[in-house]
Amino acid sequence: MNALFDLAGKAAVVTGASTGLGMGMTLGLASAGADILLVDHVQCEEAASRVRDMGRRASTLTVDLMKMSSVSAVLEKAILEFGKIDILINNAGIIRRAPALEFTEKDWDDVMLLNSKTAFFLAQAAARDMMSRKYGKIINIASLLAFQGGIIVPSYSASKGAIAQMTKALANEWAPHGIRVNAIAPGYMATNNTRALREDPVRSRAILDRIPAGRWGAPEDLQGAAIFLASAASDYVTGHILAVDGGWLAR
Ligand code: NAD
């Protein structure tokens, strides 16, 4: 392991770690040496046991991140298990699909709450701990819909635009304290989040035809970006939104 990318001794919190991109990034950080607190509203035992199989420490917290009380629960559990938070990945997220004219208040509020409000307050809680060591890495999971409007997902696009701007705002404020705040904008990845799209033959074909790499992404495709943004390799990188999209935005 090149020292620049070595995460041995680092304590990471990953939200939405039970499956999909969160599980993929969890395994990536563990492969680089990090211990992980896996947070989700469902059990994360499968991912946690894979972290332990790599010789790292893994702890789990089952909590609904739509409740603001979850923020202090995450912080307390991380401090109890590891004594600190070095890395936070704000990954948990949901999507609701409906045309704007029919969109409900609940589908607006739920998505904005989990995808942006909780992410902000988790970043705030982690940063308060990171300040004492003058070092930390916060990685927010944005989306191509931080740059584009998407189709029939208005609250999702708004929430991802918000997290991208929040990334820059927090990066500005916390850079003097050694805390780097960056985001990853995944392209179209094969997870639960995109099942409806992949099951729609017309949308699925249209998306695939537009991806220069010629394939949907997989959770493993985010591992390199996550390790980079979590490690010393990116110590002079902050406020950046790194697209991992098989070339989608370049097209
Ligand atoms: P996913 O649905 O497979 O995973 C979402 C995770 O969040 C799950 O582990 C789920 O249990 C957890 N979660 C949902 N509600 C929660 C709650 N109330 N409390 C705690 N945990 C909760 O989807 P994914 O594709 O792995 O998505 C991960 C992130 O990546 C999301 O923020 C998503 O918006 C983003 N993203 C995904 C894609 C894609 O193509 N799949 C593209 C861009 C961005």
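Trainee: In this predicted model, is Tyr188 buried or exposed?
Mentor: The relative accessible area of Tyr188 is 17%. Because buried means under 20% relative accessible area, Tyr188 is classed as buried.

Trainee: How many aromatic pairs does the structure hold, and what is the angle between the planes of Phe120 and Phe121?
Mentor: The structure holds three aromatic pairs. One of them joins Phe120 and Phe121, whose centres are 4.8 Å apart. Their arrangement is edge-to-face, and the angle between the planes is 85°.

Trainee: What is the relative accessible area of Phe120, and what is that of Phe121?
Mentor: Phe120 is partly exposed, with a value of 27%. Phe121 is also partly exposed, and its relative accessible area is 29%.

Trainee: How many residues apart in sequence are the parts tied together by the pair of Tyr188 and Trp248?
Mentor: The rings of Tyr188 and Trp248 form a tilted pair, 4.7 Å centre to centre with 50° between the planes. Tyr188 lies in the loop between S6 and helix H6 (195-199), while Trp248 lies in the segment after strand S7 (241-244). The pair therefore ties together parts whose separation in sequence is 60 residues.

Trainee: Which residues do ring pairs link into a cluster?
Mentor: Trp248 is buried, with a relative accessible area of 6%. Ring pairs link this residue into a cluster, whose members are Tyr188, Trp216 and Trp248.

Trainee: Which element supplies the largest share of the largest nonpolar core?
Mentor: This core has 35 residues, and Val13, Leu37 and Trp174 are among those that touch the most other members. Elements that each supply at least two of its residues include strand S1 (11-15), strand S2 (35-40) and helix H4 (105-131). The largest share, eight residues, comes from H4.

Trainee: How many residues does the second, separate core have?
Mentor: Leu37, leaving aside its neighbours within four places in sequence, is in contact with residues including Val13, Leu61, Val74 and Phe82. The second core is separate; Ile87, Ile89, Ala225 and Val244 are among its members, and its residues number 32.

How values were computed
Residues numbered from 1 in each chain as written. Predicted model: local features only at pLDDT ≥ 70, side-chain atom pairs only at ≥ 80, totals over all residues. Heavy atoms only, no water. Core = buried A, V, L, I, M, F, W, Y, C linked by side-chain atoms within 4.5 Å. Buried < 20%, exposed > 50% of the residue type's maximum accessible area, 1.4 Å probe, protein only. Helix = DSSP H or I, 4+ residues; strand = E, 2+ residues; numbered from the N terminus. Contact = heavy atoms within 4.5 Å. Phe/Tyr/Trp six-rings, centres within 6.5 Å; stacked < 30°, edge-to-face > 60°.
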